[in-house]
Amino acid sequence: MSIFNMTIHELHSALKGKQISSLEATSAMLERIEAVEPHIGSFITVTSEQALAAAKSADQLIARGECDLLTGIPLAIKDIFLTEGIRTTCGSRILHNFIPPYSATSWEKLRDRGAVLLGKLNQDEFAMGSSNESSAYGVTRNPWDTTCIPGGSSGGSAAAVAARQATATLGTDTGGSIRQPASHCGCVGLKPTYGRVSRYGVIAYASSLDQVGPLTRDVTDCAVMLGALAGHDPKDSTSVDTPVPNYSAALPQGVKGLRIGLPKEYFIDGLDPDVQKAMNAAIETYRRLGAEFVDISLPHTDYAVATYYLIATAEASSNLARYDGVRFGHRAEADGLLEMYTRSRSEGFGSEVKRRIMLGTYALSSGYYDAYYVKAQKVRTLIMNDFISAFANVDVMLTPVAPTPAFKIGEKINDPLQMYLSDIFTIPVNLAGTCAMSIPAGFSASGLPIGLQLIGKPFGEETILRAGFAFEQATEWHTRKATI
Amino acid sequence: MKYQPVIGLEVHVQLLTDTKIFCGCSTKFGSEPNSQTCPVCLGLPGALPVLNKKVVEFAIKAGLSTNCSITPRSIFARKNYFYPDLPKGYQISQFEDPICQRGWLDIAVDGDALKRIGITRIHMEEDAGKLVHGELSGPGDGSGVDLNRACTPLLEVVSEPDLRTSDEAVTYLKQLHQIVTWLGICDGNMEEGSFRCDANVSVMPVGSDTLGTRAEIKNVNSFKFVKQAIEYEIQRQIDLIEDGGTVVQETRLFDPTSGTTRSMRSKEEAHDYRYFPDPDLVPLVISDEWIERSRQKLPELPEERRQRFMDELGLPLYDAEVLTSSKALADYFEAGIAAHSNAKAVGNWIMGEITRSLNDSGTTIEACPIRPGQLAELLKLIDNGTISGKIAKTVFDEMWRSGKAAQTIVEEQGLVQVSDSGAIESIIDEIMAGNAGQVDEYRSGKEKVFGFFVGQVMKASKGKANPSVVNELLLNKLKG
């Protein structure tokens with residue numbers, strides 16, 4: 001098997017058994033990146049030299065018998081994670097020259113377990129987008145059909161897994177930014193419960209919604225990655241100090257008797273027929289495996305997108321105030337302070353980011369705050385309560401990830417509302433703060449991957465991983481590979 | 001027409017924590033620019049705030065000492081505006097649900113009458129950095145940003161508009177200053193900006209119950225300036241109204257050199273701060289137990305201590321006030337009376353010799369070279385008749401200089417008081433013999449000459465003769 005096709009657990013066995021070295025694996029990955037990158041555009045920065053050096057260190061550890069599950073595994077991470085000494089752009093021109101003096105906790109955790117960094121992945125600018133078209137560093141193409149978008153905002157993270165440019169990747173998910181691209185690119189993507197993984201060193205888009213998570217080839221790898229990422233971080237006041245279970249150990253427990261909810265608001269008329277078909281087939285599979293289905297309702301689903309675009313943009317308008325040209329990042333030539341501010345930000349931010357800053361500034365403005373921001377917070381509470389009530393009767397929920405498979409590049413770029421609706425099934429999970437995962441569940445007639453979403457209770461990652469693993473064992477969707 | 005001024009104060013109290021409110025950087029004043037910074041206080045992408053528990057403890061102390069309710073669940077909010085000294089483009093502060101609410105201070109005005117001044121709220125927030133102009137070592141003539149002060153913890157204490165005169169405002173401010181320094185949560189240094197004040201001033205016709213439009217005066221950084229600024233502003237507003245104008249809502253800057261205020265920005269130019277709860281910080285939940293623990297750890301406050309000094313020690317109001325003007329002074333006094341129970345004498349010496357010597361040498365009571373126990377030893381020597389009060393002053397000066405014990409100095413220099421009547425009598429005889437003229441004057445009715453004789457005897461005894469024995473013997477002898 002080609003090294004670049006391997007999962008984490010396969011590569012780990014090979015490394016541990018000394019059939020292969022991390023240096024060989026890393027070199028193979030770097031060659032693969034070079035070969036396919038012109039067609040995909042997953043990366044903003046490839047860190048070849050650092051990767052080879054890290055691989056050599058990993059090999060020394062392995063030689064000493066210290067071979068952790070992630071030791072020597074070549075990974076790539078979204079360019080939203082700060083990496084000390086390595087340029088971090090967040091897909092924005094305003095950070096084209098930003099070299100961070102510190103690293104994100106989540107990356108440090110992987111690095112400390114011996115993982116090798118291949119580079120920084122392309123994304124929508126400041127994680128604002130569902131297609132990776134808002135990046136200042138070029139579009140990323142879907143490895144299954146390069147005329148299609150990979151999804152976003154972690155489009156580079158999903159495309160890199162699908163194009164086998166990294167064994168696994170890290171993304172962030174504010175309204176579906178891990179799950180939607182994972183679905184479009186046919187990989188596994190997990191958004192953990194809010195507070196499960198540290199946000200320290202992750203460039204903030206919407207602080208109350210942002211969460212870090214892995215994108216992998218299979219559920220087994222996803223459990224390994226989550227286990228490495230999860231845990232309390234004293235540097236993030238919103239990270240939760242609750243024990244980290246052994247996610248891998250939970251996987252083989254099966255789904256017999258598992259109560260799976262089907263929220264009726266997620267199976268709407270406008271659903272793409274291929275997506276509907278894949279969902280029906282998945283339900284059948286789970287039934288065969290012994291799961292029980294319960295029809296449930298999440299009655300405030302219709303308000304989720306509007307609520308999200310008030311809360312997320314309000315927080316973003318404040319989070320992005322620090323990009324002012326004073327201390328770091330892009331600074332425009334100007335005569336006075338005000339001109340420096342306006343020109344730096346006008347030149348540095350792209351149009352989607354500007355749109356969201358303006359929306360959010362408006363929602364927080366005196367006279368509008370109660371009507372928009374406060375109202376949105378109240379609706380958010382109703383949406384959370386929807387989930388709490390529904391989870392009283394079910395263990396997990398099964399829904400589509402996105403209403404359609406990946407759409408064409410350019411198709412929705414001039415229609416923000418249509419673009420925003422592609423996250424209609426993922427956004428409520430972020431508002432509720434709970435966890436969810438996208439796993440491969442079929443293909444459209446034109447050969448594009450379709451994902452299914454498993455939504456868990458808060459800190460119920462074990463259950464959705466277990467449900468995902470059972471599905472994966474019973475199907476072969478995750479083994480298919482994009483022909484690139 | 002007569003006008004009634006209405007004044008409210010907003011006071012920023014810089015807290016004496018070792019580290020900043022949302023990161024572990026030092027709060028030390030005067031270091032190399034930007035040497036005390038980290039990703040959090042530099043506002044770098046990805047950095048997140050973590051609340052310093054000490055700040056919460058200090059805020060609770062301040063709240064309990066000003067009769068506030070402590071909010072069981074308080075939240076932090078972002079105050080959004082752009083300025084180069086504000087690294088994140090917002091200040092983390094509190095807006096709705098501040099940590100302390102609805103308190104008051106009773107201030108003494110016109111002698112004994114007490115007036116209650118409401119405290120609307122006390123909230124926690126971070127300070128901004130500062131801009132440095134024209135002092136850059138590098139090329140060009142731009143301005144620099146020093147973020148050492150950014151993220152330093154502050155309390156903002158907001159009063160109700162209950163103050164009516166500049167004197168009331170200053171009295172309130174001094175009382176608040178005394179409380180925060182007494183609690184040890186602020187160094188009170190107004191020059192370095194550790195305790196700074198904005199004043200909201202308006203005027204309305206006497207008898208009216210509709211408040212006038214207010215102006216907020218910034219940058220009044222001494223008690224004297226507060227008085228000046230408020231008085232100037234009251235008169236400016238009255239003059240404006242008398243001339244047919246109207247006061248506009250605005251922010252004005254006090255200029256200490258001219259003693260005037262000038263417009264800084266109008267209401268139209270005012271920022272829309274777009275406050276909203278900071279999603280990076282969870283709500284701060286303070287349990288009743290925590291509040292109770294803080295209450296028990298509170299030191300006795302100046303007001304209570306002043307009252308105790310009067311009730312238990314019988315000190316007059318003036319003495320009690322002076323001796324409680326700072327916690328260190330009151331502690332010194334109490335240590336003194338623990339070693340020597342003559343409270344009046346200990347108080348007098350502290351207010352007299354000690355205070356004078358501290359002032360002359362520019363020393364603080366904390367660094368006073370004579371410790372309370374040593375002062376008590378000196379006073380014991382007076383009270384048991386070993387030395388006279390006059391000699392004691394000489395001994396005091398020597399103690400200050402050398403650090404030696406009073407007893408040692410008295411012994412080394414032979415300063416023990418002479419009360420032996422035989423010895424004093426022979427001195428008196430000698431002096432009367434040498435000043436026959438004055439003896440005659442006295443005996444012919446010029447009793448004022450008595451003082452001359454006392455002085456001569458004391459001089460001859462080098463001050464050591466016991467004055468009461470001298471008086472008695474001299475009187476007998478002169479009367480013949």
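Two residues are in contact if their C-beta atoms, placed from the backbone, lie within 7 Å. This is a predicted model, in which local features need pLDDT of at least 70 and side-chain atom pairs count only at pLDDT 80 or more, while totals for chains, interfaces and linings use all residues. Residues are numbered from 1 along each chain as its sequence is written, and chains are lettered from A in the order in which they are written.

Leaving aside residues up to four places away in sequence, Arg102(B) touches Cys68(B) and Ser69(B). Although 34 residues separate Arg102(B) from Cys68(B) in sequence, their C-alpha atoms are 5.2 Å apart in space.

| Domain of chain B | Residues |
|---|---|
| domain 1 | 3–291 |
| domain 2 | 300–412 |
| domain 3 | 421–479 |

Taken over C-alpha atoms, the centres of domain 1 of chain B and domain 3 of chain B are separated by 67 Å.

The contact between the chains takes 32 residues from chain A and 25 residues from chain B. On the side of chain B that touches chain A, 16 residues are nonpolar, four are polar and five are charged, with Asp, Glu, Lys and Arg counting as charged, Ala, Val, Leu, Ile, Met, Phe, Trp, Tyr, Cys and Pro as nonpolar, and the others, Gly among them, as polar.

How values were computed:
Domain bounds come from an automatic or database domain assignment.
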